[in-house]
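Hi everyone, thanks for making time for this one. Let me put the model up.

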Amino acid sequence: MSNIQALRGTRDILPDEVTVWQHVEAIARDVLNRAAYREIRPPMFEQTELFARGIGEATDVVGKEMYSFEDRGGRSITLRPEITAGLVRAFISNKLFASGGVQRLWHTGPAFRYERPQKGRQRQFHQLDVEILGSRDPRADVEVIAIATDILHTLGLKSLSLDLNSVGNGADRQAYREALVSYLTPYKTDLDSDSQERLTRNPLRILDSKDSRTQEIVKDAPNLLDHLSDDSQRHFEQVQQQLSTLGIDFTVNPRLVRGLDYYTHTAFEIMSADLGAQATVCGGGRYDGLVQQLGGPDVPAIGFAIGLERLTILLQQLQSIAAPALDFYIVSRGEKAEPATTVLAQKLRHQGFSVEVDLSGSAFGKQFKRADRSGAIGCLILGDAEAEMGTVQLKWLTSGEQSELSQSDLIEQTDTLKTKLEGLRPS
C-alpha cells in the first residue's frame, strides 16, 4: 500500500519553521494590540453566496478558484478564498455596528484557492487580515497602511516599496471601464487569452496582466486617475499628504488594481525587492460598499492582508530565527529515578521553566548526547542514588560546571536559577 501524501498545493509546516511563524504572529499581535485592534475568529467556510456577492462573480477567484461543495443539507458551501468577506459577514451577523463608532478588527488563519502552486503560493495559504470598519476619513486609510508598514519594519524587512492608487467610487470606475473597453477592443485579438475573457467580464484586471504583449498595449491605455470625481480626487490627495507627513514613501501607480470587485478609492500594495517575481507581501484598500452589499448598513471600511507564506520565506532568507533555548533537559536511569523525573519536571514547569524529559531509558551516555543536541542550557541528572536521597545533579551545558543539590532547593531557588539561565542563554 502506497504512502498517503499531502495534497498538491498544501504543505506541512514543520516545527523548525513554526518558530518563524510564531515570531511573525507575536510581532503582529503586539503592533495591533498597541493600535487598539481586536482579534476576531470567523469560520473557515461560509455559504457560497457570500463570496459570489462580495468578491464578484466576474472575478477569477469566484469563477475559477473556489473550493465549493454541497453539504448533506443540500447547501452550497465554500472554503473561504479570502478573509475579508467572512469578517464582514461576522460584523453584520453579530451587529457589531450597533454600538456605533469604529471597529478595528484583525484575524489570521488559512484560506483556500484552486490555482497553480508555486513558491510562496499554495492552495491552502495563510493571511493576516486587518480591517477598520466605520470610517470614511482618509486618516483610516493612512492608519492601516502605517500599521502594515510597522509590522513589516518591526520584523526587520528593509527593501520595501509602497504602490498607491485610487480606483474611485462606483461611478468613477464605470466611466473608466467604458473608456478602457473602448481603447482595448481594437486590440482584442492581440491580448492574452485571459485578458480577452476579462474584456467583457472584468476589464480593470487587464491592467494587472503579466503577459508582455498585453503590458505593451496597456501602456497607452486611459489613466484611471483622470476619471476620478472631485470628491475621490480630494480623498486620494489627503491620503498622499498624510503618508508624506508620516515619512512613508510611496509611488502612485495608476495601473494598480486589486483583484476583487469590492474595492473603492484607495488601493495599495507593499512589495519586497527580495522576493523576485512574487514581490507583493501585503495588499489592501478601501471597500465602502461591501457591508451594505452583504445586507448590512452603510458602513465604510478599509483593510489589508499580508500573505504569511511569502513573508516567512522572506524572513528565512534575511535572518535566522531560532526557537527559544530550552531551560533544562532531564536524563535518568533506574527504577526509582525514572518515575521521579516526571514529578521533578512538572514542579519545574509550574515554576515557569521549560523542561524536556528523556524518555528513552537508554544508557546515560546516549542521553547526554541528546541533551547536548537539545540546545538546553542546563542538564538535570537523576540515578537511583539521587532519587533515594532526594538530590539531583545539575550540569550547565554551556560551561560544563556541575554541582549536586537537593531537589527541594532546586525548586525553591527559582529566582537564582532564572538569573543564571539568563546569563547563559544565547543572545
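Let's start at Arg 425, which counts as partly exposed, with a relative accessibility of 25%. Before I go on, please keep in mind that this is a predicted model.

Who is the partner of Arg 425? Arg 425 makes a salt bridge with Asp 327, and the closest N and O atoms are 2.9 Å apart. Now look at where the two sit: Arg 425 is in the segment after helix H16 (414-424), while Asp 327 is in the loop between helix H11 (308-318) and strand E12 (328-333), so this pair ties together parts that are 98 residues apart in sequence. And is Asp 327 buried or exposed? Asp 327 has a relative accessible area of 6%, and because buried means under 20%, Asp 327 is buried.

While we're on salt bridges, there is also a network: Arg 29, Glu 39 and Arg 41 are joined into one by salt bridges that share partners.

How many salt bridges are there in total? The count is 20. Let me pick out another of them, between Arg 104 and Glu 143, where the closest N and O atoms are 2.8 Å apart. Arg 104 belongs to strand E5 (residues 103-112) and Glu 143 to helix H5 (residues 138-154), so here a strand and a helix are tied together by residues 39 apart in sequence. Arg 104 is partly exposed at 27% relative accessibility, and Glu 143 is partly exposed too, at 23%.

Then there's Asp 137 with Arg 139, also a salt bridge, with 2.8 Å between the closest N and O atoms. In this pair Asp 137 is partly exposed, with a relative accessible area of 25%, whereas Arg 139 counts as exposed at 55%.

Now for the sheet I promised. It is an open sheet of three strands, in the order E2-E4-E3, with antiparallel pairing. Which strands stand at the edges? Those are E2 (45-47) and E3 (67-70); each has a single partner strand, so one side of each is left without a neighbour in the sheet. From one strand to the next, the twist averages 30°.

If you zoom in on E2 and E4 (residues 76-79), you'll find three bridges joining these antiparallel strands. And what stands opposite Gln 47? That is Ile 77, in E4.

That's my tour, and I'm happy to go back to any of these spots on the screen.

Terms used: Residues are numbered from 1 along each chain as its sequence is written. This is a predicted model: local features need pLDDT of at least 70, side-chain atom pairs count only at pLDDT 80 or more; totals for chains, interfaces and linings use all residues. Side-chain values use heavy atoms; hydrogens and water are left out. Two strands pair if DSSP finds at least two bridges between them. Helices (H or I, at least four residues) and strands (E, at least two) are DSSP runs, numbered from the N terminus. Axes are lines fitted to C-alpha atoms, for helices over the stretch in contact, and angles run from 0 to 180 degrees between N-to-C directions. A salt bridge is a side-chain nitrogen of Lys or Arg within 4 Å of a carboxyl oxygen of Asp or Glu. Buried means under 20% relative accessible area, exposed over 50%, partly exposed in between (1.4 Å probe, protein chains only).
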